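Welcome, and please get your viewer ready. We will walk from one selection to the next and look at what each one holds.

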Amino acid sequence: MTILDMTGVSRVRLRTVTGFKRMGKWVFRLAKNHVKATGEKHPEMARTNEDFGSSRKFFARLNNAMGDLLAWKVAAAKYGGGMTGDNFMFHVNYDKLEGGAVACFRLFRFSVGTLWLPWNLAVTRGKGTVTITWRDNRHSAHCSPRDELCVGLLYEKFPKRPMVIKDTGALRSTGRYTLELDSRFGTEVHVYPFFMNPGRTEFSDSEHL
């Protein structure tokens, strides 16, 4: 029995030495000197931290817009190497953002998957509307006439606000879908159609139009 045992304490610290009991025996170690930096952060570090935080906020909004769609969870399970759906979403798209807003619309993706996209997706503009057209008569494990169309939207003036139309009612066999633009967000819009199987367990990549 030591003097420390007689005092009834189980942990002590004396300047540079810390002592604690482990399995009935005392262990002594040199205490690490943790000094928290109190000075200002380097401007580059501060900018990086701000960009990361802004990006995370953007992807939280994208996740909310996707709602119950499993597109990113399925993609993460197939390609993410142990990532969650949220982290895989971030991994695929974070380099297309600046300041928490999409800066590269052409390469941004609303979905990643193994279903096939039609070869001839196209858009035409109407007064306050956008019409997406395609023609696809294929029928395979990666392409069914009953696959449902989803549409991701990014308005040019609101690159921090991703939107998703999940229940368009359009199927791969339909070949056409018209959406009405929201005049509050302007008329310039980036459209990202993608398809999912009827069970919503398989998805295609999205395509920027």
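Start with α3 and α4, which are roughly perpendicular to each other (the label covers angles of 65 to 115 degrees; under 35 is roughly parallel, over 145 roughly antiparallel, and the rest oblique). To find them, select residues 71-79 for helix α3 and residues 85-93 for helix α4; their axes come within 8 Å and cross at roughly 80°. Axes here are lines fitted to C-alpha atoms, for helices over the stretch in contact, with angles from 0 to 180 degrees between N-to-C directions. Helices are DSSP runs of H or I with at least four residues, strands are E runs of at least two, and both are numbered from the N terminus.

A word on what is on screen: this is a predicted model, where local features need pLDDT of at least 70 and side-chain atom pairs count only at pLDDT 80 or more, while totals for chains, interfaces and linings use all residues. Residues are numbered from 1 along each chain as its sequence is written, and side-chain values use heavy atoms, leaving out hydrogens and water.

Now show side chains where the two helices touch. From α3, pick Trp-72, Lys-73, Ala-75, Ala-76 and Tyr-79; they meet Gly-85, Phe-88, Met-89, Val-92 and Asn-93 of α4 (contact means heavy atoms within 4.5 Å). Stay on α3 and colour Ala-71, Trp-72, Val-74, Ala-75 and Ala-76, which are buried (under 20% relative accessible area; exposed is over 50%, partly exposed in between, with a 1.4 Å probe and protein chains only). Just past α3, stop at Gly-81, whose phi is positive at about 55°.

Next, the sheet. Three strands form an open sheet in the order β9-β8-β11, paired antiparallel (two strands pair if DSSP finds at least two bridges between them). Select β9 (163-165) and β11 (189-196): these are the edges, each with a single partner strand, so one side of each has no neighbour in the sheet. From one strand to the next, the twist averages 25°. Which residue of β11 stands opposite Leu-154? Click across and you will land on His-190.

For cysteines, select Cys-104, partly exposed at 27% relative accessible area, and then Cys-143, buried at 1%. Searching the whole structure turns up zero disulfides (pairs of cysteine sulfur atoms within 2.5 Å).

Finally, zoom out: the protein has four helices and 11 strands, and buried residues make up 39% of its 209 residues.
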